[in-house]
Amino acid sequence: MFTGIVEELGSVAGIEEQDDAIRLTVRGPLVVSDAAHGDSIAVNGCCLTVTDHDTESFTVDVMKESLDKTSLGALAVGDPVNLERAMRADGRFGGHIVQGHVDGTGEVRARTPSEHWEVVEIAFPADLGRYLVPKGSITVDGTSLTVVDVGPDSFTVSLIPTTLDATTLGTKQPGAPVNLEVDVLAKYVQRMLASGGEV
């Protein structure tokens, strides 16, 4: 489990193509400081398993399912990525419940800067709309955010300077893909309502 509080802005150090998968090496000295083989690290919101690491970077295998459902396949060497280690049982719950299971990819549609924050509009796949509500939680590239407004096919978030500086969302331009994970509690509620209250 994760909380959507990005710990480190890492970078892609290597990509090894493997037929229907890739082996991804990511530089992230903070998140590997206590890493062990088999640990989970979220890369742009996608929970991945550490297969190898040194003091500066770690390697993960990204299967076809993850490549199909996330934006990880679009990464290139040098690209920045949001990193978060799995939450410790005694850790602070700073964001919201994040599983690291990406529900779909969205696209940055527009950015509107202001003096102290920036409003970003993100288009979402049609099947995720039922889970989005104003003031609800959404994970964008692994970053826990609060939804401002929801339209027919897009939503907006307001990004404070810390988020702009410490995550990839500070530099993503219109047209850029982003990984989206909706609030898991909303998914359970929707499932219960759809089944008449029975699960």
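On a 1 Å grid laid over the protein atoms alone, a pocket is an open set of points with protein on both sides within 12 Å along at least five of seven lines, and a residue belongs to the lining if it has an atom within 4 Å of a point. Grid points are joined across faces, edges and corners, and a volume is the space filled by probe spheres set on those points. The model here is a predicted one, where local features need pLDDT of at least 70 and side-chain atom pairs count only at pLDDT 80 or more, while totals for chains, interfaces and linings use all residues. Residues are numbered from 1 along each chain as its sequence is written, and side-chain values use heavy atoms, with hydrogens and water left out.

So much for the ground rules; now for the pockets. The largest pocket holds about 340 Å³ of space. Its lining is made up of 17 residues, and those nearest the centre are Glu 7, Arg 85, Ala 86, Met 87 and Arg 88. Strands S3 (40–43) and S6 (80–85) each put at least two residues into that lining; strands are DSSP runs of E with at least two residues, helices are runs of H or I with at least four, and both are numbered from the N terminus. Sorted by class, the lining of the largest pocket has six nonpolar, four polar and seven charged residues. In this sorting, Ala, Val, Leu, Ile, Met, Phe, Trp, Tyr, Cys and Pro count as nonpolar, Asp, Glu, Lys and Arg as charged, and the others, Gly among them, as polar.

The second largest pocket comes in at about 270 Å³. Here 14 residues do the lining, with Thr 143, Ser 144, Leu 145, Ile 160 and Thr 163 nearest the centre.

The largest cavity has a volume of about 40 Å³. Among the residues lining this cavity are Val 108, Arg 111, Leu 145, Leu 169 and Lys 172. Strands S7 (104–113), S8 (118–123) and S11 are the elements that give two or more residues to the lining of the largest cavity. By class, that lining splits into eight nonpolar, no polar and two charged residues.

Next come some paired strands, where pairing takes at least two DSSP bridges between the two strands. S3 and S4 (residues 46–53) pair antiparallel over four bridges, with Ala 42 opposite Cys 47 in S4. Two residues sit between the strands of this hairpin, and Asn 44 takes a positive phi near 50°. S4 also runs antiparallel to S5 (residues 57–63), joined by three bridges, and Val 50 stands opposite Val 60 in S5. The hairpin of S4 and S5 has three residues between its strands.

Strand S5 also contains Phe 58. Phe 58 counts as buried because its relative accessibility is 0%, and buried means under 20% relative accessible area (1.4 Å probe, protein chains only). Leaving aside neighbours within four places in sequence, Phe 58 is in contact (heavy atoms within 4.5 Å) with residues including Leu 24, Val 32, Ile 41, Val 50 and Leu 83. Phe 58 and Lys 135 are 77 residues apart in sequence and 35 Å apart in space, C-alpha to C-alpha.

Notes
On a 1 Å grid over the protein atoms alone, a cavity is a set of points where a 1.4 Å probe fits but cannot get out, and a pocket is an open set with protein on both sides within 12 Å along at least five of seven lines; lining residues have an atom within 4 Å of a point. Buried means under 20% relative accessible area, exposed over 50%, partly exposed in between (1.4 Å probe, protein chains only).
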